[in-house]
Structure formats: structure tokens, C-alpha cells
Amino acid sequence: MNKAVKIILEIVLAFAAVALVYFLVASIQKPVKFDKELAARSQVGIQRLKDIRTLQVAFKSATGHFTADMDSLITYYNEGKMDIVMQIGSNDDSLAVANTAAVKKKNRKITPEQLMELYRQGQALVFSVTTQIPVKDTLFHNRPDFCVDSLAFIPFSGGQKVEMEAIVKTVSGVQVPLFEARMPYRALCVGMDNQLRINKDEEMRNMNRYEGLQVGSITAPNNNAGNWE
């Protein structure tokens, strides 16, 4: 082997060694990058599911049941009202507490509206009143980036919708309203390495867990918990 060929061969081998190291590092980093990207996407998805849960709980308070229809949930946010209980006066004010007891003893059928009128007249009282205010003025009002219309969609999925169900299930002889909302990884991971996503799904199944993000459960009451909690 002449010197020129030997030099060329050494250069080729050097490039091959560098390429091998590169591909080895890349193969090791690929699942690391996948997990990091999935964690970032999951945080966005989790916040959206938390918002859905908040609205579902408020919707149930108003209607007595959950809903499987996202449009109903959005309409409730845009047009619905919530009961808000406000306390007038302080229970730490012994004079107000005593005066309230005396007023109620004198008129056992006195209404909160009548108590409010006496309060406006200057009487020291302690009582609660219930009023209705628009849902949108109560929920998420401190979140300027909140968009109710986005709740229907799984982030990063290209427009795929959140899977949502609601039922009334008999538990220990009692009718219990239940709901669940889901974001499968196959939708949340659109554009990411599909084989690694398949591996993630299999990993979750092996642990008897849902292959994605889920809040609530229609199988059994779980206090509307998320599977990330």
C-alpha cells in the first residue's frame, strides 16, 4: 500500500469514526429530546385539562350534572351565571352577632334582602347573601391569555379535539355524575418521533395507565383528579 492510499484510508476511517460517534450520541439524545418535548407539551395540555375541570365543576353546580358537549361548556362560560355567596359583617364582631340573633328572633321569616336594608340603615349585622354574576367575570378573569374557544382542542395536534364523556353512575346506591376529558399521546405528540411515541404508549399500558393525559373518570369517582397528579 503506497503512502497516498494509506493517507486516504486513514482520513476515511477518521470520518467514519466521527460519524459513528455522532450517530451514537444522536441515538442516545433522541429519547432525551423526546421526553423533554413531551414534558413541555404536557404542561400546556395539563393546564387546558385543569381549565376544563374548573368549568365542568361550575357547570355541574349550576345544572346538577356534567356535560360531554364542549359547546355547552363554552356557552356556559360565555353566557352563564354563577351563584356567589357573600358575607356581610364579621363573625368576630360580637355586637353584630348578638344584634343579628335579636333581629332574627323578632322576625323569624326575615329575608337576606331585608337584612341588607337594615345593614344599609346602619345596623350592625352578620349575614350571608347569594348573588349571581356572569361566569366569565368570575372564572379565569385574572388570566389575560385565557381563550375559552381553545379548550376544545388538543394543543400541538393540528386541530384534534379533546375527547370528553359524561355519565351518571350508580355508586353504592347513589347516582353520581362523572366526567372525564382525555388527550391521547398520539394527538399530543403530532410531529414528534412516532416510534418513540408508540414506545411511550406501550410503557403506559404496561403500567395499566391511560396513554396520554386524562382528568376525571367515568369508570369510578376520583374527585375529578388528573392522571398527572
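This is a predicted model: local features need pLDDT of at least 70, side-chain atom pairs count only at pLDDT 80 or more; totals for chains, interfaces and linings use all residues.

Colleague: OK. What is the bridge partner of Val 171 in β4?
Modeller: Val 174 is the partner of Val 171. β3 and β4 pair in the antiparallel sense, over 9 bridges.

Colleague: How many strands form the open sheet?
Modeller: It has 3 strands, in the order β3-β4-β5, with antiparallel pairing. β3 (163-171) and β5 (212-216) are the edge strands, and each pairs on one side only. The twist averages 20° from one strand to the next.

Colleague: Now Ala 181. Buried or exposed?
Modeller: Ala 181 is buried, with a relative accessible area of 0%. This residue lies in strand β4. Among the residues Ala 181 touches are Leu 49, Ile 52, Met 164 and Leu 213. The C-alpha atoms of Ala 181 and Met 164 are 4.3 Å apart, though 17 residues separate the two along the chain.

Colleague: New topic. How many salt bridges does the structure hold?
Modeller: There are 13. In one of them, Glu 163 meets Arg 182 at 3.2 Å, N to O. That pair links strand β3 to strand β4, 19 residues apart.

Colleague: Which other residue forms a salt bridge with Glu 163?
Modeller: Arg 186, with the closest N and O atoms 3.3 Å apart. Arg 186 sits in helix α5.

Colleague: Which residues are linked in the network?
Modeller: Glu 163, Glu 165, Glu 180, Arg 182 and Arg 186 are linked by salt bridges.

Technical notes: Residues are numbered from 1 along each chain as its sequence is written. Side-chain values use heavy atoms; hydrogens and water are left out. Two strands pair if DSSP finds at least two bridges between them. Helices (H or I, at least four residues) and strands (E, at least two) are DSSP runs, numbered from the N terminus. Axes are lines fitted to C-alpha atoms, for helices over the stretch in contact, and angles run from 0 to 180 degrees between N-to-C directions. Buried means under 20% relative accessible area, exposed over 50%, partly exposed in between (1.4 Å probe, protein chains only). Contact means heavy atoms within 4.5 Å. A salt bridge is a side-chain nitrogen of Lys or Arg within 4 Å of a carboxyl oxygen of Asp or Glu. Lists of a residue's contacts leave out its neighbours within four places in sequence.
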